[in-house]
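This report describes selected features of one protein model. The sequence and structure are shown first.

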Amino acid sequence: MNKKIYVLLSLCAVCALFIGCNAKVDKNGFYHDFDDAKKAAVSEGKNILLFVSSFEDDNGASSLLQNNVFATQEAKNSIAKKYACVNLNFSNAEYESASIDPATASNKAKKQAEKIVAQYQKKIAIVSNLAIQGTPSVFLFSPEGYLICDVPVAEISDYAGFMAALESKAELEITMKNLIAATVTGSNLERASGIDVLYEATAPESRGLLKELILQFNELDKNNELQLGGKYVLAVANIQALEASVEQRYMDAVQIFATAAESPLISGIQKQQAYYMAGYTMAQLGMNDLDAIASYFQKSYEAAPDSEYAPQIQQMIMMAYAMKQTPAPEEGVATEGNE
């Protein structure tokens, strides 16, 4: 994957727009908008096959996979009929077509450029939940848009090879289908338990795709019978803080973590994590209120001073005070705002 994609991925937490697209498939039977593929998948009871490409920018690897696999008649007769297929292309040429001179461009050109950028950033919002090592990459999703697995394609050069790789994931597809089914059937407590099993079966970087389920968890287990309330307070905070950052509501993102830290469902180590994320978020977003940053790190330390993370958090406290050029408080002494 080229450098531009990695830069854009790093920016996705502070810039994302969403627009509608034409729902037509291309000549190979692929959509070019993930939401369109989801609608088709739900309607037709299919899983989703995502092909992440970077035509012209990965030494022809994406083109090779498309020409030798997805553009073949065999693929059109099988893959495109079994799955709701979608191709998200990250070629530089596509993105650079949005580069215009605002001073001289027509309104029509500006709108077209905005549309291209928005489409590009929407694609980034999807792939930012995946551990993509380069292009081409292929992934399988449930109809709901939950990640099932990746399909290794690095050594694949023809349709037969791809089908062998795809068929090796058949059992996992069934397993994930059953896990997802457990989140929507049974009692509220059974559904909550099903959500947690699916959550743990999903790679950490892809759990944002489970947003709708994560937001339901503590409502389904209102009495915290599963003793997982704190875990999902943090999971919800992570989702809401990311959304606040996307909307450039940076202090709201910080406050979301600080509020989560005070939840009665939170354990000491979870409180430590929430306060740490409040301070870390401030520092990462370039906020210069060193008193507040140090205060959040101090609260984080005091929440679980014997944890394995406490020494590292102490170092963060010392760094914040060093930047302020003021003495750090003695261990165990409350600072202003923490009393």
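## A buried loop residue

In this predicted model, Asn129 counts as buried because its relative accessibility is 15%, and the cut-off for buried is under 20%. Asn129 belongs to the loop that connects helix H7 (107-127) with strand E4 (137-141). Leaving aside residues up to four places away in sequence, Asn129 is in contact with Glu205, Ser206, Gly208 and Leu209.

## The sheet

An open sheet is formed by five strands, ordered E1-E3-E2-E4-E5, with mixed pairing.

Strand E2 (residues 48-53) is antiparallel to E4, and five bridges join the pair. Ile48 has Phe141 of E4 as its bridge partner.

## Helices on the sheet

H7 packs on the sheet through contacts with E2 and E3, and its direction is at about 115 degrees to that of E3. Helix H2 (residues 34-44) lies across E1, E2, strand E3 (84-89) and E4, and runs at about 175 degrees to E3.

## The second largest pocket

The second largest pocket holds about 450 Å³ of space. Its lining comprises 26 residues, and those nearest the pocket centre are Ser137, Val138, Asp150, Val151 and Pro152. Helix H3 (61-70), E4 and strand E5 (147-151) each contribute two or more lining residues, with E5 giving the largest share, five residues.

Classified by type, the lining of this pocket consists of 18 nonpolar, six polar and two charged residues.

Conventions. Residues numbered from 1 in each chain as written. Predicted model: local features only at pLDDT ≥ 70, side-chain atom pairs only at ≥ 80, totals over all residues. Heavy atoms only, no water. Helix = DSSP H or I, 4+ residues; strand = E, 2+ residues; numbered from the N terminus. Buried < 20%, exposed > 50% of the residue type's maximum accessible area, 1.4 Å probe, protein only. Contact = heavy atoms within 4.5 Å. 1 Å grid on protein atoms, 1.4 Å probe; cavity = no way out; pocket = protein on both sides within 12 Å on 5 of 7 lines; lining within 4 Å. Points joined across faces, edges and corners; volume = space filled by probe spheres on them. Nonpolar A, V, L, I, M, F, W, Y, C, P; charged D, E, K, R; others polar. Pairing = 2+ DSSP bridges. Axes fitted to C-alpha atoms, helices over the stretch in contact; angles between N-to-C directions.
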